[in-house]
Amino acid sequence: MKTYLDCIPCFFNQALRAGRIATNDERKIKRILDEIGMVLKDIPLENTPPETGRIIYEKVREITGIYDPYKEIKIESTQKALSLYHSLKKKVEQSDDNLLAAIRIAIAGNIIDFAVNRNIDIEQEIHEVCKKDFAIYDYTKFKEYLDKTDEILFIGDNAGESVFDRILMEEIKKPVVYVVRDEPVINDVTYDDALLAGIDTVATIVSSGTNAPGTILTTCSNEFQKLYHDSKFVISKGQGNYEGLSDEKKLIFFMLKAKCYVIAKDIGVTEGDIVLKGINLQ
């Protein structure tokens with residue numbers, strides 16, 4: 001997905017939010033915004049938003065000296081999600097379609113995104129998503145391809161959300177490789193965040209090798225790129241991964257809630273819609 005003009009104010013908002021989490025020093029925050037402004041004027045619209053996001057959070061680290069500004073927030077959101085784990089498992093077990101219920105819960109977890117919104121009611125979100133109609137619903141194809149595959153490459157999005165991903169992976173009942181970011185960026189899931197969520201009990205955790213808030217293949221490690229290209233079944237969670245992978249010529253199933261009207265328009269849905277979208281289906 002390319003960068004739209006509407007993304008530019010969002011870049012500044014993200015930089016301001018991250019700067020304020022990292023430091024109370026207004027001069028440092030002003031410097032972050034100044035330097036982001038200088039960078040943005042030279043960024044082509046053909047770039048994906050996570051490519052710019054990568055620059056923003058590198059600047060925040062460089063100027064504030066804080067390596068992981070969202071660390072405590074990520075721990076808090078993961079612990080909150082873990083407190084709901086058993087009740088959500090019960091909800092899946094009592095549903096008419098366990099796999100579909102687990103997909104809905106995984107998508108509900110996608111609301112845990114501090115690049116978009118800090119004021120999150122996770123339990124209310126789960127309630128709404130579990131009864132909401134999908135705007136794009138490629139569930140039949142998802143099951144068809146799942147039945148034919150031996151292993152899933154599952155690209156994670158946010159810390160906390162990974163607990164909801166775990167519930168889906170437990171329901172899939174096939175070997176899973178779970179992909180995390182190589183370095184902290186916003187509240188995206190890293191190796192340590194995935195361990196806290198218990199992902200190691202259901203999947204093999206690997207790093208994509210990037211510190212971008214999305215899967216930008218050119219910034220990923222050679223090891224991950226090989227893993228990705230060899231994979232026959234990819235699940236991509238969240239907006240950042242959609243932005244980075246939506247133009248790929250490969251079978252991918254995107255699971256997300258469209259929290260931004262720019263991304264909603266690019267997908268062809270309405271802001272607030274939930275999506276299970278497969279690309280390059282046969």
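**Close-up 1. Cys-220 and its closest cysteine sulfur, in Cys-7.** In this predicted model, the sulfur of Cys-220 lies 20 Å from the closest cysteine sulfur, which belongs to Cys-7, and this is too far for a bond, given that a disulfide requires two cysteine sulfur atoms within 2.5 Å. The structure as a whole holds 0 disulfides. Cys-220 counts as buried because its relative accessibility is 7%, under the cut-off of 20%.

**Close-up 2. Cys-130, a partly exposed cysteine.** With a relative accessibility of 26%, Cys-130 falls into the partly exposed class, since that class lies between the limits of 20% for buried and 50% for exposed residues.

**Close-up 3. The tilted aromatic pair of Phe-134 and Tyr-137.** The count of aromatic pairs in the structure comes to 9, and one of them joins Phe-134 to Tyr-137, with 5.0 Å from centre to centre and 40° between the ring planes, an arrangement classed as tilted. Phe-134, at 13% relative accessibility, counts as buried, whereas Tyr-137, at 42%, counts as partly exposed.

**Close-up 4. The aromatic cluster that includes Tyr-145, with Lys-148 over the ring of Tyr-145.** Phe-142, Tyr-145, Phe-233 and Phe-253 are linked by ring pairs into a cluster. The ring of Tyr-145 also has the charged end of Lys-148 sitting over it, at 4.8 Å from the ring centre.

**Close-up 5. Arg-166 over the face of Tyr-85.** Here the residue lying over the aromatic face is an arginine, Arg-166, which is placed 4.3 Å from the ring centre of Tyr-85.

Key:
Residues are numbered from 1 along each chain as its sequence is written. This is a predicted model: local features need pLDDT of at least 70, side-chain atom pairs count only at pLDDT 80 or more; totals for chains, interfaces and linings use all residues. Side-chain values use heavy atoms; hydrogens and water are left out. Buried means under 20% relative accessible area, exposed over 50%, partly exposed in between (1.4 Å probe, protein chains only). Rings of Phe, Tyr and Trp (its six-membered ring) pair if their centres lie within 6.5 Å; planes under 30 degrees apart count as stacked, over 60 as edge-to-face and the rest as tilted. A charge sits over a ring if NZ of Lys or CZ of Arg is within 6 Å of the ring centre and within 35 degrees of the ring normal.
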